[in-house]
Amino acid sequence: MNSETEVAPAVASILAAARERSADGHDRVSVAARSIPDAIERAAADGRVPVIAEVKPTSPTADGTRDDDPVDLAEAMVDGGAAAISVLTEPSHFGGSPEALTRVREAVDVPVLRKDFLLREDQLDVVEADLVLLIARFVDDLGGLVTAARDRGFQPLVEVHDRAELETAIEAGADVIGVNNRDLAKLEVDLGTFESVSAHVPDGVTLIAESGISTPADVRRMREAGADALLVGSAIMDHDAEGDVTENTRRLTRVAATEETDTETQT
Ligand SMILES: O=P(O)(O)OC[C@@H](O)[C@@H](O)c1c[nH]c2ccccc12
(Lines give C-alpha, C1' and ligand atoms only; values in the text may rest on other atoms or scores of the structure.)
Protein backbone atom coordinates (compact mmCIF):
# COMPACT_ATOMS: atom_id res chain seq x y z
CA MET A 1 0.00 0.00 0.00
CA ASN A 2 1.30 3.41 -0.93
CA SER A 3 -0.13 5.24 2.06
CA GLU A 4 2.53 7.96 2.41
CA THR A 5 1.74 9.58 -0.92
CA GLU A 6 -2.00 9.62 -0.26
CA VAL A 7 -2.24 10.88 3.30
CA ALA A 8 -1.71 14.17 5.12
CA PRO A 9 1.88 14.77 6.32
CA ALA A 10 0.77 14.35 9.94
CA VAL A 11 -0.67 10.93 9.13
CA ALA A 12 2.47 9.86 7.23
CA SER A 13 4.47 10.76 10.31
CA ILE A 14 2.05 8.79 12.55
CA LEU A 15 2.46 5.74 10.30
CA ALA A 16 6.24 6.00 10.25
CA ALA A 17 6.24 6.02 14.07
CA ALA A 18 3.75 3.12 14.15
CA ARG A 19 5.98 0.98 11.97
CA GLU A 20 8.79 1.33 14.48
CA ARG A 21 6.76 0.20 17.49
CA SER A 22 6.86 -3.47 18.37
CA ALA A 23 5.72 -5.67 21.20
CA ASP A 24 9.20 -7.01 21.95
CA GLY A 25 9.24 -8.49 25.40
CA HIS A 26 5.46 -8.79 25.63
CA ASP A 27 3.79 -12.17 25.95
CA ARG A 28 0.91 -13.08 23.68
CA VAL A 29 -2.24 -11.39 24.97
CA SER A 30 -5.40 -13.32 25.77
CA VAL A 31 -8.51 -11.33 26.68
CA ALA A 32 -12.05 -12.08 27.81
CA ALA A 33 -13.66 -9.18 25.98
CA ARG A 34 -16.69 -7.26 27.22
CA SER A 35 -19.17 -7.42 24.32
CA ILE A 36 -19.69 -4.21 22.34
CA PRO A 37 -23.06 -5.29 20.84
CA ASP A 38 -24.31 -6.03 24.38
CA ALA A 39 -23.08 -2.65 25.66
CA ILE A 40 -24.82 -0.88 22.76
CA GLU A 41 -28.02 -2.77 23.46
CA ARG A 42 -27.89 -1.92 27.16
CA ALA A 43 -27.49 1.78 26.43
CA ALA A 44 -30.33 1.78 23.89
CA ALA A 45 -32.63 -0.16 26.26
CA ASP A 46 -31.89 2.50 28.84
CA GLY A 47 -32.89 5.30 26.46
CA ARG A 48 -29.32 6.51 25.90
CA VAL A 49 -27.77 7.11 22.49
CA PRO A 50 -24.93 4.55 22.36
CA VAL A 51 -21.79 6.68 22.45
CA ILE A 52 -18.21 5.41 22.54
CA ALA A 53 -16.46 8.32 24.26
CA GLU A 54 -12.80 8.79 23.50
CA VAL A 55 -9.98 9.61 25.91
CA LYS A 56 -7.83 11.58 23.49
CA PRO A 57 -5.35 13.89 25.26
CA THR A 58 -4.54 15.65 21.97
CA SER A 59 -4.42 15.03 18.19
CA PRO A 60 -2.97 16.59 15.05
CA THR A 61 -6.30 18.42 14.61
CA ALA A 62 -6.97 19.36 18.25
CA ASP A 63 -6.69 22.90 19.59
CA GLY A 64 -4.73 21.94 22.69
CA THR A 65 -3.83 19.17 25.08
CA ARG A 66 -5.71 17.96 28.14
CA ASP A 67 -3.53 16.36 30.74
CA ASP A 68 -6.33 15.22 33.07
CA ASP A 69 -5.94 11.71 34.47
CA PRO A 70 -7.35 9.28 31.87
CA VAL A 71 -9.22 7.39 34.61
CA ASP A 72 -10.97 10.59 35.75
CA LEU A 73 -11.92 11.34 32.15
CA ALA A 74 -13.23 7.80 31.50
CA GLU A 75 -15.26 7.77 34.72
CA ALA A 76 -16.73 11.17 33.85
CA MET A 77 -17.70 9.81 30.43
CA VAL A 78 -19.42 6.76 31.95
CA ASP A 79 -21.25 9.09 34.37
CA GLY A 80 -22.44 10.99 31.31
CA GLY A 81 -23.91 7.80 29.87
CA ALA A 82 -21.14 6.53 27.57
CA ALA A 83 -21.80 2.93 26.45
CA ALA A 84 -18.09 2.26 25.91
CA ILE A 85 -14.75 4.05 26.13
CA SER A 86 -12.04 4.49 23.52
CA VAL A 87 -8.50 5.14 24.69
CA LEU A 88 -5.75 6.40 22.41
CA THR A 89 -2.59 4.40 22.99
CA GLU A 90 -0.61 6.16 20.25
CA PRO A 91 2.13 8.03 22.17
CA SER A 92 3.82 10.40 19.75
CA HIS A 93 0.93 12.32 18.15
CA PHE A 94 -2.09 11.74 20.43
CA GLY A 95 -0.55 11.77 23.92
CA GLY A 96 -1.79 8.24 24.59
CA SER A 97 -0.26 5.21 26.29
CA PRO A 98 -1.00 1.51 26.81
CA GLU A 99 -0.78 2.12 30.58
CA ALA A 100 -3.61 4.64 30.36
CA LEU A 101 -5.77 1.99 28.70
CA THR A 102 -4.97 -0.62 31.32
CA ARG A 103 -5.85 1.77 34.14
CA VAL A 104 -9.09 2.83 32.43
CA ARG A 105 -10.12 -0.78 31.80
CA GLU A 106 -9.61 -1.58 35.47
CA ALA A 107 -11.67 1.42 36.56
CA VAL A 108 -14.78 1.08 34.35
CA ASP A 109 -16.96 -1.90 33.52
CA VAL A 110 -17.93 -0.94 29.96
CA PRO A 111 -15.98 -2.19 26.90
CA VAL A 112 -12.74 -0.34 26.15
CA LEU A 113 -11.42 0.17 22.62
CA ARG A 114 -7.70 0.39 21.93
CA LYS A 115 -7.25 3.26 19.49
CA ASP A 116 -3.94 3.09 17.69
CA PHE A 117 -2.39 2.54 14.31
CA LEU A 118 -1.81 -1.21 14.40
CA LEU A 119 -0.06 -2.57 11.34
CA ARG A 120 1.27 -5.97 12.37
CA GLU A 121 0.20 -8.92 14.48
CA ASP A 122 2.92 -8.47 17.14
CA GLN A 123 1.53 -5.01 17.93
CA LEU A 124 -1.65 -6.66 19.23
CA ASP A 125 0.30 -8.07 22.17
CA VAL A 126 1.09 -4.72 23.80
CA VAL A 127 -2.02 -4.41 25.98
CA GLU A 128 -5.36 -6.05 26.77
CA ALA A 129 -8.50 -4.31 25.50
CA ASP A 130 -12.04 -5.33 24.60
CA LEU A 131 -11.81 -3.97 21.07
CA VAL A 132 -8.91 -3.07 18.82
CA LEU A 133 -9.11 -0.61 15.95
CA LEU A 134 -7.83 -1.87 12.59
CA ILE A 135 -7.75 0.78 9.87
CA ALA A 136 -8.53 -0.89 6.52
CA ARG A 137 -6.52 1.65 4.56
CA PHE A 138 -3.28 0.98 6.43
CA VAL A 139 -3.33 -2.76 7.08
CA ASP A 140 -1.91 -4.90 4.29
CA ASP A 141 -3.35 -8.26 5.39
CA LEU A 142 -6.63 -7.20 6.95
CA GLY A 143 -8.12 -10.70 7.02
CA GLY A 144 -5.00 -11.99 8.76
CA LEU A 145 -5.05 -9.26 11.38
CA VAL A 146 -8.80 -9.66 12.01
CA THR A 147 -8.22 -13.35 12.66
CA ALA A 148 -5.13 -12.71 14.80
CA ALA A 149 -7.12 -10.22 16.91
CA ARG A 150 -10.01 -12.67 17.39
CA ASP A 151 -7.61 -15.49 18.27
CA ARG A 152 -6.49 -13.35 21.23
CA GLY A 153 -10.07 -12.61 22.29
CA PHE A 154 -10.27 -9.03 20.96
CA GLN A 155 -13.29 -7.76 19.03
CA PRO A 156 -11.79 -6.10 15.93
CA LEU A 157 -13.36 -2.78 14.94
CA VAL A 158 -12.46 -2.25 11.30
CA GLU A 159 -12.38 1.36 10.15
CA VAL A 160 -13.30 2.31 6.58
CA HIS A 161 -13.73 5.58 4.72
CA ASP A 162 -15.37 4.57 1.44
CA ARG A 163 -17.23 1.75 -0.29
CA ALA A 164 -14.12 0.01 -1.59
CA GLU A 165 -12.71 -0.19 1.93
CA LEU A 166 -16.10 -1.41 3.17
CA GLU A 167 -15.87 -4.31 0.70
CA THR A 168 -12.36 -5.09 1.95
CA ALA A 169 -13.61 -5.06 5.55
CA ILE A 170 -16.50 -7.39 4.78
CA GLU A 171 -14.23 -9.78 2.87
CA ALA A 172 -11.90 -9.76 5.87
CA GLY A 173 -14.80 -10.99 8.00
CA ALA A 174 -15.38 -7.79 9.99
CA ASP A 175 -18.62 -7.67 11.98
CA VAL A 176 -17.96 -4.39 13.79
CA ILE A 177 -17.30 -1.64 11.26
CA GLY A 178 -16.62 2.05 11.80
CA VAL A 179 -17.00 4.64 9.06
CA ASN A 180 -14.56 7.49 9.67
CA ASN A 181 -15.98 10.83 8.58
CA ARG A 182 -12.46 12.27 8.69
CA ASP A 183 -10.54 11.94 5.45
CA LEU A 184 -7.02 10.89 6.39
CA ALA A 185 -5.68 12.47 3.19
CA LYS A 186 -6.80 15.98 4.11
CA LEU A 187 -7.83 15.58 7.76
CA GLU A 188 -11.14 17.22 6.87
CA VAL A 189 -14.44 16.00 8.28
CA ASP A 190 -17.62 15.42 6.24
CA LEU A 191 -20.57 13.69 7.91
CA GLY A 192 -21.84 12.84 4.43
CA THR A 193 -19.14 10.15 4.34
CA PHE A 194 -21.04 7.98 6.81
CA GLU A 195 -24.29 8.54 4.94
CA SER A 196 -22.79 7.47 1.62
CA VAL A 197 -21.24 4.28 3.00
CA SER A 198 -23.82 3.16 5.57
CA ALA A 199 -26.49 2.19 3.05
CA HIS A 200 -24.21 -0.57 1.74
CA VAL A 201 -23.41 -2.19 5.07
CA PRO A 202 -24.99 -5.65 5.41
CA ASP A 203 -27.41 -6.51 8.22
CA GLY A 204 -25.79 -8.09 11.20
CA VAL A 205 -22.83 -5.71 11.22
CA THR A 206 -22.49 -3.42 14.23
CA LEU A 207 -22.07 -0.05 12.55
CA ILE A 208 -20.28 2.88 14.15
CA ALA A 209 -20.12 6.48 12.93
CA GLU A 210 -16.72 7.98 13.74
CA SER A 211 -15.39 11.54 13.96
CA GLY A 212 -16.77 15.03 13.61
CA ILE A 213 -19.90 14.45 15.68
CA SER A 214 -20.34 17.43 17.98
CA THR A 215 -23.96 18.55 18.23
CA PRO A 216 -27.31 16.89 18.98
CA ALA A 217 -28.18 17.51 15.31
CA ASP A 218 -25.08 15.55 14.26
CA VAL A 219 -26.12 12.70 16.56
CA ARG A 220 -29.60 12.60 15.03
CA ARG A 221 -28.19 12.74 11.52
CA MET A 222 -25.85 9.77 12.09
CA ARG A 223 -28.56 7.74 13.86
CA GLU A 224 -31.01 8.39 11.02
CA ALA A 225 -28.37 7.14 8.59
CA GLY A 226 -28.15 3.86 10.49
CA ALA A 227 -25.40 4.25 13.09
CA ASP A 228 -25.74 1.74 15.93
CA ALA A 229 -23.23 3.76 17.93
CA LEU A 230 -21.18 6.94 17.62
CA LEU A 231 -17.50 7.41 18.35
CA VAL A 232 -16.90 10.88 19.76
CA GLY A 233 -13.61 12.38 20.91
CA SER A 234 -13.08 16.10 20.40
CA ALA A 235 -16.58 17.32 21.30
CA ILE A 236 -16.35 15.49 24.63
CA MET A 237 -12.68 16.24 25.38
CA ASP A 238 -13.24 19.90 24.47
CA HIS A 239 -9.48 20.51 24.18
CA ASP A 240 -9.52 24.31 24.05
CA ALA A 241 -12.20 25.10 26.65
CA GLU A 242 -11.52 22.10 28.93
CA GLY A 243 -15.27 21.90 29.65
CA ASP A 244 -17.05 19.40 31.89
CA VAL A 245 -16.62 15.96 30.32
CA THR A 246 -19.68 14.43 32.00
CA GLU A 247 -21.89 17.24 30.70
CA ASN A 248 -20.33 17.07 27.24
CA THR A 249 -21.07 13.34 27.11
CA ARG A 250 -24.58 13.71 28.49
CA ARG A 251 -25.47 16.30 25.83
CA LEU A 252 -24.90 13.62 23.19
CA THR A 253 -26.17 10.49 24.95
CA ARG A 254 -29.46 12.18 25.86
CA VAL A 255 -30.44 13.24 22.37
CA ALA A 256 -33.97 12.13 21.54
CA ALA A 257 -34.83 10.68 18.17
CA THR A 258 -36.81 13.68 16.94
CA GLU A 259 -36.52 17.43 17.39
CA GLU A 260 -39.98 17.69 19.01
CA THR A 261 -39.14 15.47 21.96
CA ASP A 262 -35.61 16.76 22.37
CA THR A 263 -35.99 19.50 24.92
CA GLU A 264 -32.85 21.04 26.27
CA THR A 265 -34.44 21.02 29.72
CA GLN A 266 -34.74 17.24 29.81
CA THR A 267 -33.10 15.90 32.95
O1 LIG B 1 -12.44 13.71 17.79
P2 LIG B 1 -13.54 13.24 16.89
O3 LIG B 1 -13.71 14.07 15.65
O4 LIG B 1 -14.84 13.09 17.67
O5 LIG B 1 -13.12 11.77 16.40
C6 LIG B 1 -13.02 10.67 17.27
C7 LIG B 1 -12.42 9.48 16.51
O8 LIG B 1 -13.30 9.10 15.51
C9 LIG B 1 -11.05 9.83 15.92
O10 LIG B 1 -10.20 10.11 17.00
C11 LIG B 1 -10.46 8.73 15.07
C12 LIG B 1 -11.11 7.93 14.20
N13 LIG B 1 -10.28 7.05 13.63
C14 LIG B 1 -9.05 7.26 14.12
C15 LIG B 1 -7.86 6.59 13.87
C16 LIG B 1 -6.77 6.99 14.58
C17 LIG B 1 -6.79 8.04 15.47
C18 LIG B 1 -7.98 8.71 15.72
C19 LIG B 1 -9.11 8.33 15.05
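Author: Happy to! A residue is called buried if 20 or more other C-beta atoms lie within 10 Å of its own, exposed if 12 or fewer, and partly exposed in between, with C-beta atoms placed from the backbone. Helices (H or I, at least four residues) and strands (E, at least two) are DSSP runs, numbered from the N terminus. Residues are numbered from 1 along each chain as its sequence is written. This is a predicted model, in which local features need pLDDT of at least 70 and side-chain atom pairs count only at pLDDT 80 or more, while totals for chains, interfaces and linings use all residues.

Our helix is α4, residues 70–79. Its buried residues are Pro70, Leu73, Ala74, Ala76, Met77 and Val78. These buried residues pack against β1 (51–55), β2 (84–88), α6, α11 and α12 (245–253). Let us take two of those partners in turn.

Two packed helices are described by the angle between their axes and the distance between the axes. Axes here are lines fitted to C-alpha atoms, for helices over the stretch in contact, and angles run from 0 to 180 degrees between N-to-C directions. With α6 (residues 98–107), α4 packs at an angle of about 40°, the axes being 9 Å apart. The two helices are therefore oblique to each other; angles under 35 degrees count as roughly parallel, over 145 as roughly antiparallel, 65 to 115 as roughly perpendicular and the rest as oblique.

Two residues are in contact if their C-beta atoms, placed from the backbone, lie within 7 Å. On the α4 side, Pro70, Val71, Ala74 and Glu75 meet Ala100, Arg103, Val104 and Ala107 of α6. The residues of this contact divide into 6 nonpolar, no polar and 2 charged. Ala, Val, Leu, Ile, Met, Phe, Trp, Tyr, Cys and Pro count as nonpolar, Asp, Glu, Lys and Arg as charged, and the others, Gly among them, as polar.

Now for α12. Its axis and that of α4 come within 7 Å and cross at roughly 35°, again in a right-handed crossing. Here Leu73, Ala76, Met77 and Asp79 of α4 meet Val245, Thr246 and Thr249 of α12. That contact comprises 4 nonpolar, 2 polar and 1 charged residue.

Finally, look just past the end of the helix: Gly81 takes a positive phi of about 100° there.

Technical notes: A crossing is left-handed if the near helix is turned anticlockwise from the far one by less than a right angle, and right-handed if clockwise.
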